[in-house]
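Please take a moment to look over the sequence and the structure before reading on. The report then goes from the whole chain to its core and its metal site.

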Amino acid sequence: MLRLIRRLSIAVILVLSLAWGVVGLAARDPQGYAANLVTYVSDVVNGARSGGLASKIQVGGPFALTNMLGEPVTDQSWPHRWKLIYFGYTYCPDVCPTELQTISSALDQLGPEADRIVPLFITIDPGRDTPATLAGYVKLFDPRLIGLTGTDAQIATVAREFRVYYARVTPKDAAAYLMDHSSFVYLMSPDGQLRALIQPGTTAESMAAAIRAQVAAATG
Ligand code: NI
């Protein structure tokens, strides 16, 4: 009995320290934490793991936002089409332009198949990214890109659903703030299921291949 109690105590301490470690990691390194979570979810989606906690992790969900014409749109606005979703902001100095360029190149490589994909650029900086600002920005990369903005609450909701990390940061002596944000590209099937999570820095060739494979698998 004593031995059982001792083992239980050790188990409880292990669980508590693990939980504490995860919380501590999330607070110190939110981007790394988000990346780990997303990598884990990605493994599940790709069938590397199955069951358990992972099957309960939902990525994606319904959203209500505003398009570049100032019109309301939802996740249901493009029926029967796949969505390639990227979260960022137009003032982004580095990562966003690179990723949007990659998305554009990947769509080019898909050829006519790209017509089945709606590329969405959802801002995590709705205070500055108005519909007009987004329109002027995305056309620099690709005419097919659709920029979406919304109220702070709408953006917070969609970001939470997609496990997107974002935070305002103001560098010393900077006139304007920057947004720190996670930079994954999400491939969603027409019925709203996450089919691929594409890491930042992926080549256009790999992105196109991932999209082609998932669309082919779904259509048989
Ligand atoms: Ni960015």
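The sections below describe the chain, its nonpolar core and its metal site in turn.

## The chain as a whole

This is a predicted model, and its protein chain holds six helices and nine strands. Of the 220 residues in the protein chain, 38% are buried, while the chain exposes about 11900 Å², of which carbon and sulfur atoms supply 60%. Among the contacts in the protein chain with a separation of 6 or more, 69% are between residues 24 or more positions apart.

## The nonpolar core

The largest nonpolar core has 52 residues, and those with the most contacts inside it are Leu84, Phe87, Ile103, Phe162 and Tyr186. Several elements each supply at least two residues of this core, including strand S3 (82–88), helix H3 (95–110), strand S8 (185–188) and helix H6 (204–219). Helix H3 gives the most to this core, with six residues.

Leaving aside residues up to four places away in sequence, Phe162 touches Val59, Gly60, Gly61, Phe63, Ile85, Phe87, Tyr186 and Met188.

## The nickel site

The nickel ion is coordinated by Cys92 through SG, Cys96 through SG and His181 through NE2, at 2.0 to 2.2 Å, and along the chain these donors follow the spacing C-x3-C-x84-H. Because Cys92 lies in the loop between S3 and H3 and His181 lies in strand S7 (residues 178–181), the pair ties together parts that are 89 residues apart in sequence.

Cys92 has a relative accessible area of 7% and His181 has one of 6%; buried means under 20%, so Cys92 is buried, and His181 is buried too.

Definitions and conventions:
Residues are numbered from 1 along each chain as its sequence is written. This is a predicted model: local features need pLDDT of at least 70, side-chain atom pairs count only at pLDDT 80 or more; totals for chains, interfaces and linings use all residues. Side-chain values use heavy atoms; hydrogens and water are left out. A nonpolar core is a set of buried Ala, Val, Leu, Ile, Met, Phe, Trp, Tyr and Cys residues joined through side-chain atoms within 4.5 Å. Buried means under 20% relative accessible area, exposed over 50%, partly exposed in between (1.4 Å probe, protein chains only). Helices (H or I, at least four residues) and strands (E, at least two) are DSSP runs, numbered from the N terminus. Contact means heavy atoms within 4.5 Å. Donors are N, O and S atoms within 2.8 Å of the metal (3.2 Å for Na, K and Ca); water is not among the atoms, so sites may look incomplete. Accessible areas come from the Shrake-Rupley method with a 1.4 Å probe; for residues, only the protein chains shown count as cover.
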